[in-house]
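Let's take a walk through this structure together. Have a look at it first, and then we'll go through the details.

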Amino acid sequence: MVDFANRLNQIPEYVPGKSIENISEKWGIKPENIVKLASNENPLGPPQKVVEFLKSEAKNVNIYPDRIGISLLKKLEEYYSIPHNNIFIGNGSSEIVDMLCRITLNPGDSAITFKYEFALYKTCIKASDGELVEIETGEKFKRNVEKVLKEIRGNTKIIFIANPNNPTGDFINKDKMIKLIEKIPEKILIVIDEAYIEYSEEDYSLLDYFKKTIRKNLVILRTFSKIYGLAGLRVGYCFAPEKVVRALRKIKLPVNVPYLSQKGCEIALQCEDFKEKSKRLVEREKKRIFKILEKNGIEYLEGKGNFYLIKDLNAKKTVERLESKGVVVRNLLPYGIEDYFRVTVGTEKQNDIFLKNFLKEKSKSKG
Ligand SMILES: Cc1ncc(COP(=O)(O)O)c(C=O)c1O
């Protein structure tokens, strides 16, 4: 028997949304008949321009790509007007979360996040032998950022806040966030994860603040997995002080982001129409879905981002029943949330299939 590290027992396992293959095998449903609204992916698929470009680039996969992805970094520099030495690209923003823990935490150091924050932070903190400090949230999962200051100790090294948060959709306004950031000692890294920020208003982001200030401890995390529709390419990026970028480069594997992924994302940055279309779809569909839910007396949490929560005292059972019909939504039990489940906003057709099946289940459980 292998003698594993002691910390392995302390690590909460990250439970991802079920894949189409999973569901197809479990319930004998053809993949094309499955409606997957469980992982906050973009239902419009990838931008067509990226698909075409990847086909033409496939002939080059015999070569190793540039170690730091310089060509994509320069495109990001141009797009955001942030020097490329302040940008790091990772194998999804997930990889960057893990690496940020590894560059900051010594065994036993403390890392702060909120209770219902994106679960991967907790897995990565524990995998780096950090001590997890979780802050309770208020009614409807509202986070009070002032509580963060009360939890700071001598050995606090890193703070994670997703804005908006997944799975709760809770959003902290920019002024409150800036006030918090300015009170945090510069030796503590503060990571603001903006994976879903493109679904909200442009000026909700902290990017302008990042550009204007020279804070040495602020990291802003972004991803190509959500509004860009490229979750399968696995590319995330962060804006960070140069010292942090250098530390990340020091510990990275020689090539962490594949060639086609780097190239595909360069093209994605030109697809403004696709982003706009994706954003409008979510806005329009959320309004329509919420009207239907209200009409049927169903409580929901709107949140920011391409997903919403539905209140259901039998959430576990409802999620299982829907799954057996090929409609996959997200059970929040791994978060300790029993009375809500999470639904990604799909296409109009997908949302209708979900609503039809869900409302049928509800009327059955009443009757
Ligand atoms: C808040 C948040 N951050 C980061 C990620 C990780 O995304 P990726 O690794 O695909 O970039 C997710 C994925 O669901 C997320 O919800």
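## Ground rules

A polar contact is a pair of N or O atoms within 3.5 Å; within protein, one must be able to donate a hydrogen and the other to accept it, and residues adjacent in sequence count only if both atoms are side-chain atoms. This is a predicted model, where local features need pLDDT of at least 70, side-chain atom pairs count only at pLDDT 80 or more, and totals for chains, interfaces and linings use all residues. Numbering starts from 1 along each chain as its sequence is written, and side-chain values use heavy atoms, with hydrogens and water left out.

## Who holds the ligand?

Around the ligand (a heavy atom within 4 Å) you'll find, among them, S93, S94, F118 and N166. Helix 4, residues 92-104, gives the most to this shell, with 3 residues. (Helices are DSSP runs of H or I, at least four residues, numbered from the N terminus.)

Now for oxygen atoms of the ligand. A backbone N or O atom of S93 sits 2.7 Å from one, a polar side-chain atom of S94 is 2.5 Å from one, and a side-chain N or O atom of N166 is 2.6 Å from one. The protein buries 93% of the 400 Å² that the ligand exposes when taken alone (Shrake-Rupley method, 1.4 Å probe).

## Helix 4 meets a partner

S94 turns up again here: with V97, D98 and C101 of helix 4, S94 meets L120, Y121, C124 and I125 of helix 5 (contact means heavy atoms within 4.5 Å).

How values were computed:
Helix = DSSP H or I, 4+ residues; strand = E, 2+ residues; numbered from the N terminus.
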